[in-house]
Amino acid sequence: MRWAVIAALIAFVILAALGGAALIIVAAHVPIAANRPSAYNDALARKILSCRNVLFVGAHPDDIEFYCSGLIVSLKRRGSQVTFAVGTRGGKGRQGKAKQRLENLRSHHQLDAARVLGGVDVVLFDYPDKDLSSRVEEFAAKLRQLIAQRKPDMIVAWDPHHIYNPHPDHIAAARAAEMAVNVVSCAICYYGTTQPNLWLGFEDDVFRVKLKAIRAHRTEVPWFLYPFAKRFLTKKDKTEGAKIGAAYAETYRCPNSE
Ligand SMILES: [Zn+2]
């Protein structure tokens, strides 16, 4: 009787282990299989990458690089023109000389990052960091002028409706871009979104350029913080990449492309 109980227990353990392994195999397989690149994602990615003249809108120097460097490098390698419109110079609400010094540094670092990304044209505005929300309409008017001059075929901005990082300046930049685009009726995609419908994949060579662009922002991401930024971005972009079978991916919401 005792042996029968032990034999039953051993059989149970073996079956449980086999069942567990089977479950692990299924669990590991299903999400990947469910997220293999769809024809829809491929077609949308091709459409976005075929844009010849793209305007990116951010609130602070470094916003755009964190979320969009993979797309920017991919566009530049295809010969597209890329412009950044950045609402503030990143003075962080400081006053006097301290503000000027920080703004000069961050402006320089923004230009360095733009070079790293393959030659992005940068337009920096002087709206107050930490208080961009008080100047949304002015920023929108400036964006409308910029759009009229440069005639981009695509605008990429913070998501005004499903924002991932709801800093008040980010929300203000999102609203300004949305107001500008509503008037000129230009195509728009959003970065920093919690509701993506586009996974833009890229490989290691592009990701290395992205990290270099982040590193160019030496005041915002100093040497002792860079390893954390690198780890965060690597995990985030690899996780999204796995969903479409690419090494890395960035996510966007392109509302009019459904
Ligand atoms: Zn920011």
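**Whole chain**

Start with everything shown. This is a predicted model. The protein has 258 residues, and 40% of them are buried. Count the elements in cartoon view: there are 8 helices and 7 strands. Among contacts between residues at least 6 apart in sequence, 80% join residues at least 24 apart.

Now colour by pLDDT. The average is 86, and 83% of the residues score at least 70. Select residues 12–34 next: pLDDT is below 50 there, and beyond near neighbours in sequence the stretch has 1 contact in the model. Where pLDDT is low, the predicted coordinates should not be read in detail.

**The five-stranded sheet**

Select β1 to β5. These 5 strands form an open sheet with parallel pairing. Read across, the order is β3-β2-β1-β4-β5. Which strands stand at the edges? They are β3 (121–124) and β5 (188–191). Each has a single partner strand, so one side of each is left without a neighbour in the sheet.

Strand β2, residues 81–86, pairs with β3 in the parallel sense, and 4 bridges link them. Show Val86 and Leu124: the valine stands opposite this leucine of β3.

Ile155 stands opposite Ile188 in β5. Show the β5 side chains. Are its residues buried or exposed? Both faces are covered. Ile188 and Tyr190 lie on one side, Cys189 and Tyr191 on the other, and all are buried.

**A helix across the sheet**

Select α5, residues 136–150. This helix lies across β1 (53–58), β2 and β3. Its direction is about 165° to that of β1.

**Two loops, two positive phi values**

Select Asp62, in the loop between β1 and α3 (63–77). Check its backbone torsion: phi is positive, about 100°, although the residue is not a glycine. Why does Asp62 count as buried? It has 23 C-beta neighbours inside 10 Å, and the cut-off for a buried residue is 20 or more.

Then take Lys130, in the loop between β3 and α5. Here too phi is positive, at about 75°, and the residue is not a glycine. Lys130 is partly exposed, with 17 other C-beta atoms within 10 Å.

**The antiparallel pair**

Select β6 (residues 198–202) and β7. These strands run antiparallel, joined by 5 bridges.

Keep β7, residues 248–252, on its own for a moment. Of its 5 residues, 5 are buried, so the strand is largely enclosed by the rest of the structure. Tyr248, Glu250 and Tyr252 point one way from β7. Ala249 and Thr251 point the other way.

**Trp199**

Centre the view on Trp199, in strand β6. This tryptophan is buried, with 23 other C-beta atoms within 10 Å. What is it in contact with, leaving aside neighbours within four places in sequence? The list is Asn41, Glu240, Lys243, Ile244, Ala249 and Thr251. Trp199 and Leu44 are 155 residues apart in sequence, but 9.0 Å apart in space, C-alpha to C-alpha.

**Last stop: α7 and α8**

Select α7 (residues 204–215) and α8 (residues 226–242). The two helices pack at an angle of about 145°, with their axes 11 Å apart. Their crossing is right-handed.

Show the side chains at the contact:

- From α7: Phe207, Leu211, Ile214 and Arg215.
- From α8: Tyr226, Ala229, Lys230, Leu233 and Asp237.

Which classes of residue make up this contact? There are 6 nonpolar, no polar and 3 charged residues.

How values were computed:
Residues are numbered from 1 along each chain as its sequence is written. pLDDT is the predictor's confidence in each residue, from 0 to 100. Two residues are in contact if their C-beta atoms, placed from the backbone, lie within 7 Å. Axes are lines fitted to C-alpha atoms, for helices over the stretch in contact, and angles run from 0 to 180 degrees between N-to-C directions. A crossing is left-handed if the near helix is turned anticlockwise from the far one by less than a right angle, and right-handed if clockwise. Ala, Val, Leu, Ile, Met, Phe, Trp, Tyr, Cys and Pro count as nonpolar, Asp, Glu, Lys and Arg as charged, and the others, Gly among them, as polar. Two strands pair if DSSP finds at least two bridges between them. A residue is buried if 20 or more other C-beta atoms lie within 10 Å of its own, exposed if 12 or fewer, and partly exposed in between; C-beta atoms are placed from the backbone.
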